[in-house]
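Look at the fold below, then read on.

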Amino acid sequence: MGFVLAWLPSDHYVRDMCIITLTAAFVATLLSIRFYLRITAGRCFTETKMEGKTVIITGANSGIGKETAKDLAGRGARIIMACRNLERANAVKDEIVKETNNNKVVVKKLDLGSQKSVREFAADIVKTEPKIDVLIHNAGMALAFRGQTSEDGIELTMATNHYGPFLLTHLLIDVLKKSAPSRIVIVASELYRLASVNVNKLNPIGTFPAAYLYYVSKFANIYFARELAKRLEGTNVTVNFLHPGMIDSGIWRNVPFPLNIPMMAITKGFFKTTKAGAQTTIYLATSDEVANVSGKYFMDCKEATLNAAAMDMEKARQIWEESVKIVKLTPQDPKI
């Protein structure tokens, strides 16, 4: 009897085996999730060439903007990198030219958080570019908890992510129409589902945590895209918008310590690479499948559904009309 009891596992042994089993199950679950996210990520398989096409990409000096620029340059497009940081942008330009053997890559200054910068950039494009085949609104910023105000007195996240693209599109619309068939591609986000847009507070200085305003700005992108597509019907200028996926990119650099530590583990372990995140943008910019598609939302290179709030066209119209006032469009500016 004593011999049998000696071979029964001790309480410590049972506890240790439970811990090991649970740990192994947890790790296996995480690896399974990572594998699933990798194999379900959309890929742009189109081999469409872009010789003779001019493409403007905002925020093309890093992240998915850089990968988009590199891919389209590899297809022969003339790339205009519209960037705030010229030093970094020129370094990326040299990298793209070297890798693609396409020297038709230029850098131009654009700070979407500044209406003055947007107007200067647009005036330069109108003066020097005979056509724009694709305008990609890619640039975006996400602050953490402390908000900032732009030089125009607008909450900086909204100024950069919504009002800058809104103004730029208006100022370039005549060139886009003249270049038709042309495309406008807007990088939005599924994170819009976590927010709502208050039509009576479209300059939300100090009203919400800055991180939340990123979600609001992405929702505003969707309303803008849907209303823009409606207004451009019959012009042969298409407008589509997308969720790139959760991306391991520089947009998370504003997460403060110590929250940045688990955030880094999550982004490195589970988020898409920037190359994978650029695929839907590339698809919408190049694919013949969407040549006549407009006003649609895409994810992983496929059309996706929106929630009921995003389908509210009356709210989209109201946001549009208020945005016209906030960006101070004049009677002399192009109309959409």
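## Around isoleucine 319

Isoleucine 319 touches His162, Val197, Val199, Leu202 and Tyr223, leaving aside residues up to four places away in sequence. Contact here means heavy atoms within 4.5 Å. The model is predicted: local features need pLDDT of at least 70, side-chain atom pairs count only at pLDDT 80 or more, and totals for chains, interfaces and linings use all residues. Residues are numbered from 1 along each chain as its sequence is written, and side-chain values use heavy atoms, with hydrogens and water left out.

Isoleucine 319 sits in helix α11 (residues 313–326). Helices (H or I, at least four residues) and strands (E, at least two) are DSSP runs, numbered from the N terminus. Isoleucine 319 has 2% relative accessibility and counts as buried. Buried means under 20% relative accessible area, exposed over 50%, and partly exposed in between (1.4 Å probe, protein chains only). Between isoleucine 319 and tyrosine 223 lie 96 residues of sequence separation, but 7.5 Å in space, C-alpha to C-alpha.

## Overall figures

The protein has 11 helices and eight strands. Of its 336 residues, 48% count as buried. Take the contacts with a separation of 6 or more: residues 24 or more positions apart account for 79% of them.

Eight strands form an open sheet with mixed pairing, in the order β3-β2-β1-β4-β5-β6-β7-β8. The edges are β3 (105–109) and β8 (302–303); each has a single partner strand, so one side of each lacks a neighbour in the sheet. Two strands pair if DSSP finds at least two bridges between them.

Strands β1 (residues 54–58) and β2 (residues 78–83) run parallel, joined by five bridges. Valine 55 has isoleucine 79 in β2 as its bridge partner. Four bridges join β6 to β7 (residues 296–299), again in parallel. There, phenylalanine 241 stands opposite tyrosine 297 in β7. β7 and β8 run antiparallel, with two bridges. Phenylalanine 298 stands opposite glutamate 303 in β8. These two strands, β7 and β8, form a hairpin with two residues between them. Aspartate 300 in the turn has a positive phi of about 50 degrees.

## Helices on the sheet

Helix α3 (residues 63–74) lies across β1, β2, β3, β4 (134–137) and β5 (182–187). It runs at about 170 degrees to β1. Helix α6 (residues 156–178) also packs on the sheet, touching β1, β4, β5 and β6 (237–243). The direction of α6 makes about 175 degrees with that of β4. Axes are lines fitted to C-alpha atoms, for helices over the stretch in contact, and angles run from 0 to 180 degrees between N-to-C directions.

## Asparagine 221

Helix α7 (residues 210–231) holds asparagine 221. Is asparagine 221 buried or exposed? It is buried, with a relative accessible area of 3%. Its side chain reaches the backbone oxygen of asparagine 161 at 2.8 Å. A second polar contact, of 2.9 Å, joins the side chains of asparagine 221 and lysine 218. A polar contact is a pair of N or O atoms within 3.5 Å; within protein, one must be able to donate a hydrogen and the other to accept it, and residues adjacent in sequence count only if both atoms are side-chain atoms.

Not counting residues up to four places away in sequence, asparagine 221 touches Asn161, His162, Ile186, Val187 and Ala188.

## Aromatic pairs

The whole structure contains 10 aromatic pairs. In one of them, the rings of tyrosine 212 and tyrosine 215 have centres 6.1 Å apart and planes at 80 degrees, so the pair is edge-to-face. Rings of Phe, Tyr and Trp (its six-membered ring) pair if their centres lie within 6.5 Å; planes under 30 degrees apart count as stacked, over 60 as edge-to-face and the rest as tilted. Tyrosine 215 is partly exposed, at 23% relative accessible area.

Phenylalanine 219 and tyrosine 223 are stacked: their ring centres lie 4.7 Å apart, with planes at 5 degrees. Being four residues apart in helix α7, phenylalanine 219 and tyrosine 223 are separated by about one helical turn. Phenylalanine 219 is buried at 2% relative accessibility, and tyrosine 223 is buried at 1%. Ring pairs link Tyr192, Phe219, Tyr223, Phe241 and Tyr297 into a cluster.
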